[in-house]
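I begin with the contacts between the chains and then turn to single pairs.

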Amino acid sequence: MRVLTGLTLVALVGCNAEEPPADTAPPSQLLPEEPAAQPSPARLRRLTTAQYEASARHVLGDQVAMPSTLEPDGEAIGFASAAAAIDALSALGVERYEDAAYFLADQRVADADAMAAWLPCAPVDAADTACVAASVEVLGERAWRRPLEAEEVDALVALWAELAQADSPPTAWRYTLAALLQSPYFLYRVEVGEEGLLRPHEWATRVSFLLWAAPPDDELLAAAADGSLDTAEGRAAAVERLLADPRFEAGIRGFVTEWFHLERLDDFDKDPLIFQHAHPELGPAAREETLQLAAWLGTSDADWRELLTSSVSFVDPRLAALYEVPAPTLEGFGPVTFGPERRGVLGHVSVLSGHSHATRTSATGRGLFVRSTLLCQPVPEPPADVDTSLPEPDTTSPTLRDRLTTHLEEPGCAVCHLITDPIGLGLEQFDAVGRFRTLEGGAPIDPSGELDGASFADAAELGGVVAEHASLPGCWVDRWWVYGAGGDPPYETNEWLAETFVASGHQLRPLLRAMATSEAFRRVESEGARR
Amino acid sequence: MTRPTPGSISRRGVLRGLLGGSAVGLTLPWLEAHASTCASGFPRRFGVFFWGNGNLPDRWTPLTTGAGWEPSEQLAPLLGLRSKVTVCTGLEVKVPNVSPHWSGAVGLLTGQDLDGADEGWSVRAPTVDQVLAAEIGNDTLYRSLQIGIADAECFSYSGANQPNYGETDPFALYQRLFGDTFRDPGGSGTVDPSLGFRRSVLDAVLGDLGRLSSRLGTEDRIRLEAHTDGVRGLEQRLARLQEAPPDLAACVRPEAPPESIPDIDGRIQLSRRSRAMSDLLAMALACDQTRVFSFSHHRALSNVLFPAASDGHHNLTHNEGGAQPEVHEATVAVMEELAYLLGALDAVDEGDGTLLDHALVMAVSEVSEGRTHRLDEIPLLLAGGACGKLVTGHHLRSQGNENVNHAMLSVLRAFDLSLPSWGADDTTVDTGWAPLEL
């Protein structure tokens, strides 16, 4: 368990960088060349829950129901994907993986006819081990994201035969599938490389989880096996195919879910006695809204900073009611245009409620989201031994801005709270659920403020100020890298990718193309070489 | 990442040290059983009862010291168990208080400072429950059990970056402990060929783990070793299920909890969940399925909404004004659940006493006053006395803010561990807390 308290130094450097030429660079211009960089450490990365589910569906089919409980995802440098390269699996986690494997396998073997139709080769009897081997090879390659070694196939066929002998072929499949799904080759992404470079299958897996939030498909595995990925051209072609595929949308959604911690919206904890719009379904709907906007901007090659400035969003009737806009559809999600008070994710319920308390807003929490999540600027932890109480609302201090004055006047508090609170106060016209309001305790709310020298009048302007912030390109590049590679990017690589992002008009595809095809993305340093 | 720790008996610490040198290809030995047994023959059990965000020291500390302590407002729910509960007050977690909540939690339960506060933190050493589990947990189906009521974080660590998460679903815990594989004491083992099949699968998994491990660097190899350890534990559990279960008079299959205990108006039913878990845990201990547990009511920093509270618990500790009546009520509510758990253990008759008498349950929070994250006056209750090893029924007060690690060392030594010291660097102690020891 780790708590995100600060981010990489890259972000600090970004503060001093020149203002990005936001509107001047057409995407077609020549992009900067990749600099030499230190290799990243080789890592073993356990699948996150989302990656486990995508992998299980890939092996067993989209219709299988997912297990309800796995080892909880951790968090490191802001991402479950990074914690998955650090944390060890607990004893309970091992047991849950076993439960999950049988839960999944049982669905597959429940219907003998369907099972036979699904298997690449369905054995006629227990002696038909050649056919079993053929099935194990195909299913194993999908599950382990690489071809199985001959001994690995032999071991699984021997297990199958032992169980078919003791019981029956369907039973044997149940346990053979469970063995595939409990193997560390399924549960971990092995990114240890060879001679300083990821092996073709390791690279294919890293790129596929980056761009599709899913394991490599048969075509990508085939390219890894036939040598296509040994050349820069082959890798570029593979990346191009993944970026053009509809599954790229899932990749964007996977990243944004981790980046913004949208999984937390499953536990929507707002007090329904205070907030009439609070409802258990509101959290998942709010997540869907943000994911749809992010995916739409990414796949349509828009400036991805429109995440912060877009007047368009995608809402269901519940969200439409909260936003006071006409519902675009009777069911599901459709596009709407916000009123002038609301722009981008800083106006989304996902962000506004996700960084509020159960019964009230948090200027500090919302400001921290902007600073650390959107701009990668470190905010120190509060000192452990001070009284952090705020005064109760009363007639002399009706608004949160009034009550926070103490924090901002006390030097010990102000040193940190001046970093976060003025930003969060810009969002005070949205309550803890995200509903627009102009008054608090009968007094008008003043949403104006300043962010690192740029002033804003309200939340809508704040989004634009964050979008133009000099730290943004380096930060967003850093976040994508941590998600994709499981650790911090090399300094030079981050600088280069930030330049690339800016030069291509802040579009997602050019950035991810450069990242996925970079040498830095496939270079790893094994421990032997490090020490 | 982890520096060597004097006095640490962590198995992983030992392994880490060896791997850092030249000895590679080492296999982890399954530890020799080290039973810590009461005179009556019953095993000594250890448990941590954790709750987040502390107490209000002025309303916590009993009004009298010594035997028959007069309960404070916050300890009133424990009145009926007073003769079995020792209240330790005035002790202090001595690590630098650099990270609110986490410094206290790590310092209290590992004896040492946390590792790397600014870029996220980890423990440097196992928590006290896992130190004991490695020693006294090897004869049972489960080396230890983790249970979470409001959330899955239990503050149990097997080592750096090795968190043990808790089961939060009472019905899932019931199925695991008392489902199809459960056999009444005195009967025969489970006759089910699927147990053997599952073991064959785990053998294949262990083969994969071994092959993969040989390609990895030190840190990843240690992670995979933890995974391997978990698979071996599962395999051993399946083997034990095929043997006759321990013949224990007090062991009966408990009633199944409801399949679902839904939230009401967005609030978790803390008490119902906690009590369902307590009943299951008491019987898991009575059936000797485990001897070590961590029971977390809610985690450090938790913003859980108590039934009548106007805000999340952590927010209340910082923002409630005056005498903080809601914070007080929350602490009392937690003590009511502790009383229920201790009562459930005390209701199990075991020979010369009760299960609680044969246990040591340590109730702690990561801070004392939540509002200021104080680490002096750290709340520490010790129930059961580990069958005559530690003082019961007393209020013991430290006069000079003594290091809480002294009390932790007494706790660990109550389980017959020959532990030279506890803590690291400036916090290291090599003597127990004398008032606690018999």
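On the side of chain A that touches chain B, the elements giving two or more residues include β2 (43–46), α4 (91–109) and α7 (150–166) of chain A, and α4(A) gives the largest share, eight residues. Helices (H or I, at least four residues) and strands (E, at least two) are DSSP runs, numbered from the N terminus. By class, I noted 36 nonpolar, twelve polar and 24 charged residues on that side of chain A, with Ala, Val, Leu, Ile, Met, Phe, Trp, Tyr, Cys and Pro taken as nonpolar, Asp, Glu, Lys and Arg as charged, and the others, Gly among them, as polar.

I note that this is a predicted model, in which local features need pLDDT of at least 70 and side-chain atom pairs count only at pLDDT 80 or more, while totals for chains, interfaces and linings use all residues. Residues are numbered from 1 along each chain as its sequence is written, chains are lettered from A and ligands numbered from 1 in the order in which they are written, and side-chain values use heavy atoms, with hydrogens and water left out.

Which residue of chain B forms a salt bridge with A:Glu95? I found B:Arg237, with the closest N and O atoms 2.8 Å apart; a salt bridge is a side-chain nitrogen of Lys or Arg within 4 Å of a carboxyl oxygen of Asp or Glu. Both residues belong to a network of salt bridges that also links A:Arg96, A:Asp99, B:Glu167 and B:Arg176. The count between chain A and chain B is eight salt bridges.

A:Arg287 lies in helix α14 (residues 282–299) of chain A and A:Asp266 in the loop between α13 (248–259) and α14, so the pair ties together parts that are 21 residues apart in sequence. A:Arg287 counts as buried at 16% relative accessibility, whereas A:Asp266 is partly exposed at 48%; buried means under 20% relative accessible area, exposed over 50%, and partly exposed in between (1.4 Å probe, protein chains only).
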